[in-house]
Amino acid sequence: MESPDRNQERLAQWVHHALRGLPPRNAPAGLQSRVLAAIARRSAQPWWEQHFLRWPLPARLGFLLLSAVIARLLLQASGWMIDRLRELGVSPVVATQARELRSDWSFIASLNDTLHVVLNAIPSPWLYGSLAVIGLMYATLFGIGSVAYRTFNQERS
Amino acid sequence: MRQYQDMVYSTAARLLGDAAQAEDIAQGVFLKAYERFDELRGSPTAAGWLKTVATNQSLNHLSRYRKRWQFFSDRRRDDEDDGADPEFGVPDTTLEDLDADQRSALIEAALDSLPSHQRVPLVLFHFEDMPYQDIAERLQVSVGKIKTDIHRGRAALAQLLTARGVVVADLHSRSEHGIA
């Protein structure tokens with residue numbers, strides 16, 4: 001009787017020869033026409049529906065410029081909104097953070113501090129309760145999805 | 001494209017174990033190649049590039065769509081075969097009435113029926129010549145698990161083929177003579 005190692009070695013050799021001896025699988029007859037149709041569809045698309053890297057250079061630069069302007073406007077709008085909130089009597093700490101956010105380019109640090117202030121202003125039971133509800137909803141959806149996958153997909157395979 | 005379509009499709013089909021998904025991947029590979037048509041036209045590395053892209057896209061597809069379900073599906077299979085190594089015995093009888101096409105079809109079908117955690121490392125090892133370490137890094141599992149999965153995959157393949165009438169000893173002796 002052969003040793004287990006020798007048997008495994010023979011098995012490995014056999015599998016290697018058997019697999020490497022296989023001819024390539026024949027691609028489906030429709031593959032080429034599918035690819036050509038996809039290329040034709042892609043070529044027919046206007047440039048703004050194509051991948052960003054395939055946009056004309058002026059369009060790409062214009063898009064980036066426009067994005068920067070919109071980001072700046074959004075920041076200004078949020079500053080204006082916080083000022084209005086201050087006028088309505090909301091915490092002066094929030095107003096101070098908002099002023100920093102507007103006047104200083106260190107947006108991220110200011111934003112972080114503002115978030116801390118806002119989070120501290122929310123009562124803990126509300127905060128933890130909301131997080132628990134979100135977690136529960138996620139777990140429920142994940143569970144339903146996994147049961148559906150096991151029921152429909154694995155049974156089919 | 002006609003020259004490489006079987007190679008690209010085979011690479012994807014063997015990794016994915018699914019003809020429809022393999023066709024989608026092959027289409028994606030050729031669309032990517034079309035974007036680099038000027039670079040690839042006449043290049044001696046075109047075949048290697050296509051094979052690498054097909055392999056990477058297939059593995060990305062597997063990890064993207066199956067990773068989140070592994071906890072509920074493949075993990076269960078792992079638990080089921082965590083016991084002793086499967087017995088593998090080389091049958092001492094031969095079956096002569098199978099021609100090469102029939103044998104190839106049976107082997108391909110058996111390969112497709114393996115669970116992905118065995119089929120994928122087996123294909124990467126035997127078809128792509130990837131070493132254990134590279135497979136482990138690519139699949140983000142330990143080298144030990146890769147070795148175990150490949151060993152069990154081989155044994156399962158042999159068992160499936162024996163059950164379907166392809167005799168391992170027969171193929172082994174044929175392959176040594178360059179027939180299989």
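Modeller: What follows goes through the chain contact and then some helix pairs.

Biologist: Before that, what kind of model is it, and how is it numbered?

Modeller: This is a predicted model, in which local features need pLDDT of at least 70 and side-chain atom pairs count only at pLDDT 80 or more, while totals for chains, interfaces and linings use all residues. Residues are numbered from 1 along each chain as its sequence is written, chains are lettered from A and ligands numbered from 1 in the order in which they are written, and side-chain values use heavy atoms, with hydrogens and water left out.

Biologist: OK, how many residues of chain B are in contact with chain A?

Modeller: On the chain B side 45 residues are in contact with 37 residues of chain A, where contact means heavy atoms within 4.5 Å. The two chains bury about 4300 Å² between them, 62% of it on carbon and sulfur atoms; buried area is the accessible area (1.4 Å probe) that two parts lose on being put together, summed over both.

Biologist: And how many salt bridges between them?

Modeller: The count is 7, taking a salt bridge as a side-chain nitrogen of Lys or Arg within 4 Å of a carboxyl oxygen of Asp or Glu. Arg25(A) and Glu108(B) are joined by a salt bridge through their side chains, at 2.6 Å from N to O.

Biologist: Which residues of α2(A) meet α2(B)?

Modeller: Among them are Leu31(A), Val35(A) and Ile39(A), while those they meet in α2(B) include Phe30(B), Leu31(B) and Tyr34(B).

Biologist: Switching to chain B, at what angle do α7(B) and α9(B) cross?

Modeller: The axes of α7(B) (residues 116–126) and α9(B) (residues 143–163) cross at roughly 95 degrees and come within 8 Å, which makes α7(B) roughly perpendicular to α9(B). Residues making the contact include Leu122(B) and Phe125(B) of α7(B) and Ile146(B) and Ile150(B) of α9(B).

Biologist: And α1(B) against α2(B)?

Modeller: The axes of α1(B) (residues 5–16) and α2(B) come within 8 Å and cross at roughly 135 degrees, so these helices are oblique to each other.

Conventions:
Helix = DSSP H or I, 4+ residues; strand = E, 2+ residues; numbered from the N terminus. Axes fitted to C-alpha atoms, helices over the stretch in contact; angles between N-to-C directions. Parallel < 35°, antiparallel > 145°, perpendicular 65-115°, else oblique.
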